[in-house]
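Here are some notes to read beside the model. Keep the 3D view open and look up each residue as it comes.

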Amino acid sequence: MIELKNVSFKVASDNDTLEIIDNIDLKIDDGKFTVITGPNGGGKSTIARLIMGIEKPTSGSIIFDGQDITDLSVTDRAKLGIGYAFQQPPRFKGLTVRKLLSLAHGSNLPVDECCAYLTNVGLCSKEYLNREVDASLSGGEVKRIEIASIMARDLKVAIFDEPEAGIDLWSFSMLIETFKNMAKKKDKSIVLISHQERIMKMADEIIVIADGRIRDRGEAGVIFPRLMNEFEENCDFRGKAGKANE
Amino acid sequence: MNKIDSHMLEAVADMHSIPAGAYNIRKNGEGVARNSTENIIIEPKKDKPGIDIIIKPGTKNESVHIPVIITETGIEELVYNDFFIGDDADVLIVAGCGIHNSGSKKSEHDGIHRFHIGKNAKIKSVEKHYGEGEGTGERVLNPVTEVEMDENSYCEMEMVQIKGVDSTQRETTASLKAGAKLVIFEKLMTHGNQSARSNMVVNLNGENSSAQIISRSVAKDTSEQVFYPRAVGNNLCRAHVQCDSIIMDNAKIRSIPEIAANNCDAQIVHEAAIGRINNDQLIKLQTFGLSKEEAEEVIIQGFLK
């Protein structure tokens with residue numbers, strides 16, 4: 001279980017400090033499929049980066065399976081079984097897809113296992129194994145390889161930051177299946193930052209983050225309709241379009 | 001052949017045993033093993049140190065290994081190796097030099113390689129440089145490479161300095177006739193207070209000749225590197241020069257790709273970049289459980305692969 005206790009994260013900006021995360025308390029239970037959603041700039045990715053250790057909280061603590069990991073490095077947290085798929089994964093000149101997946105796995109991955117991970121994210125595996133994860137791959141391809149690299153790891157908590165961004169419709173359906181299968185196994189906690197309806201509907205729990213705080217949280221069946229209503233109310237354009245049709 | 005010899009030969013020429021095909025092994029200033037084949041003849045030069053490598057026209061799928069190792073301190077040599085590659089041949093040439101200096105004197109190997117590549121011939125040449133040894137004596141390698149390419153020939157050169165070379169001054173020149181294609185991959189790593197300079201001039205003289213120069217380097221500690229590749233288009237031709245460097249610690253790098261056109265049908269492009277290892281790359285690998293140092297090593301190895 002991951003727990004954020006009174007976590008705040010502030011950054012200096014000009015003569016001011018910006019509160020990116022404002023005193024959040026949050027528990028993510030084992031084996032749950034949690035979706036974090038909310039407006040852009042609300043602090044979703046920062047929460048993921050705080051859990052992974054890429055950013056350190058200004059105050060508060062992060063507890064993982066009873067251990068205070070607030071001061072642990074990214075490497076140490078990775079070794080405890082926390083993984084994070086970047087929203088914009090970096091590219092590596094000279095590093096092949098197979099090598100990257102092997103590094104993620106922690107040892108050399110046999111070809112057939114590499115292929116299985118790639119197939120799961122909708123990539124025709126044989127073509128990709130020896131390709132370099134460099135600028136020759138499209139944004140969507142890099143993104144899918146990133147997701148495959150998380151699957152190649154043996155994790156307790158897997159965090160995916162907008163995995164659907166930049167991925168075409170066909171591959172997206174395949175990804176949904178993959179996430180469904182991961183969720184079914186219940187062997188790890190999955191945290192997905194997403195705005196996608198289909199992803200939100202799969203969740204055990206939805207957490208809505210806005211202005212650095214938890215604005216709402218609960219079962220997907222309860223939260224999702226509320227989010228939709230909120231959208232209807234706040235979206236002027238949609239209201240006018242409705243009237244125009246009357 | 002002792003343990004150090006075997007290790008050096010493996011490092012510079014991937015040789016695990018005596019290679020199949022033609023070879024010449026030079027150790028501490030003299031030839032210690034040589035083998036010619038029906039199609040590839042290796043002869044020592046009569047007037048100066050070095051060898052002639054004569055590859056008969058039409059020779060296919062054969063290889064030549066000509067590694068040089070220096071395991072004594074205080075050896076300084078200048079060696080001339082001439083390759084005469086016959087028309088239509090298709091061969092692999094593996095050169096390379098390793099210096100193991102455990103003494104206090106400088107050890108230096110200056111190799112002058114001249115490639116005369118015949119019409120329609122195709123070669124791949126790999127040359128690795130490596131230095132090691134616990135001594136304080138400098139390890140110096142100054143290679144000169146001259147390439148003459150006849151019509152429609154193809155030449156791929158991989159020039160690699162792995163590590164441990166205190167000082168290097170590399171001079172490479174090439175001239176290409178019609179339809180010839182040259183591809184150069186230069187990979188260099190310097191550390192400590194090493195220095196490296198690589199000058200290159202590629203003259204594209206023939207119609208439809210083309211060249212691609214890719215230079216990748218990593219400079220660590222207080223080492224210094226200078227790259228000066230030049231592509232000169234004298235005809236309808238294409239060339240691309242690319243220098244890409246990772247800079248670390250207190251190192252210094254100068255990268256000066258130069259392109260020149262003396263013909264309005266010449267198309268020549270260059271690009272150069274120097275920068276530190278991208279932080280996102282380091283973090284990504286750390287999220288796999290690698291330490292920062294391990295992550296750096298993986299990135300450098302990949303970059304120089």
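1. **Terms first.** An axis here is a line fitted to C-alpha atoms, for helices over the stretch in contact, and an angle runs from 0 to 180 degrees between N-to-C directions. Two packed helices are described by the angle between their axes and the distance between the axes. Please bear in mind that this is a predicted model.

2. **A helix pair in chain A.** Take helix H3 (residues 97-105) and helix H6 (residues 139-151), both of chain A. Their axes lie 8 Å apart, at an angle of about 35°. The crossing of H3(A) and H6(A) is right-handed. Which residues make the contact? H3(A) brings A:Val97, A:Leu100, A:Leu101 and A:Ala104. H6(A) brings A:Ile145, A:Ala148 and A:Ser149. By class, that contact has six nonpolar residues, one polar and no charged ones.

3. **The largest core.** In soluble globular proteins, nonpolar side chains tend to be buried together. The largest nonpolar core here has 82 residues. Those touching the most other members are A:Ile51, A:Met52, A:Leu100, A:Leu101, A:Ala148, A:Ile159 and A:Phe160. H6(A) gives the largest share of this core, six residues. Follow A:Ala148 in the view: leaving out residues up to four places away in sequence, A:Ala148 touches A:Leu101, A:Tyr117, A:Leu118, A:Asn120 and A:Val121.

4. **Chain B as a whole.** Chain B has three helices and 22 strands. Its C-alpha atoms fill a box of roughly 55 × 55 × 35 Å along the principal axes. Is chain B compact or extended, going by its radius of gyration? A compact globule of 305 residues would have a radius of gyration near 19 Å, and the 20 Å of chain B agrees with that. Buried residues make up 43% of the chain. Of the contacts in chain B with a separation of 6 or more, 81% join residues 24 or more positions apart.

5. **Where the chains meet.** In the contact between chains, 17 residues of chain B face 18 residues of chain A. H2 and H3 of chain B each supply at least two residues of chain B's side. H2(B) gives the largest share, six residues. By class, chain B's side has seven nonpolar, seven polar and three charged residues.

6. **A closer look at H2(B).** This helix spans residues 279-286 of chain B. Its buried residues are B:Gln281, B:Ile283, B:Lys284, B:Leu285 and B:Gln286. What covers them includes helix H2 (74-80) and H3 of chain A, together with helix H3 (292-303) of chain B.

Methods:
Residues are numbered from 1 along each chain as its sequence is written. Chains are lettered from A and ligands numbered from 1 in the order in which they are written. This is a predicted model: local features need pLDDT of at least 70, side-chain atom pairs count only at pLDDT 80 or more; totals for chains, interfaces and linings use all residues. Helices (H or I, at least four residues) and strands (E, at least two) are DSSP runs, numbered from the N terminus. A crossing is left-handed if the near helix is turned anticlockwise from the far one by less than a right angle, and right-handed if clockwise. Two residues are in contact if their C-beta atoms, placed from the backbone, lie within 7 Å. Ala, Val, Leu, Ile, Met, Phe, Trp, Tyr, Cys and Pro count as nonpolar, Asp, Glu, Lys and Arg as charged, and the others, Gly among them, as polar. A residue is buried if 20 or more other C-beta atoms lie within 10 Å of its own, exposed if 12 or fewer, and partly exposed in between; C-beta atoms are placed from the backbone. The radius of gyration is taken over C-alpha atoms; the globule rule is 2.2 Å times the number of residues to the power 0.38. A nonpolar core is a set of buried Ala, Val, Leu, Ile, Met, Phe, Trp, Tyr and Cys residues joined through C-beta atoms within 7 Å.
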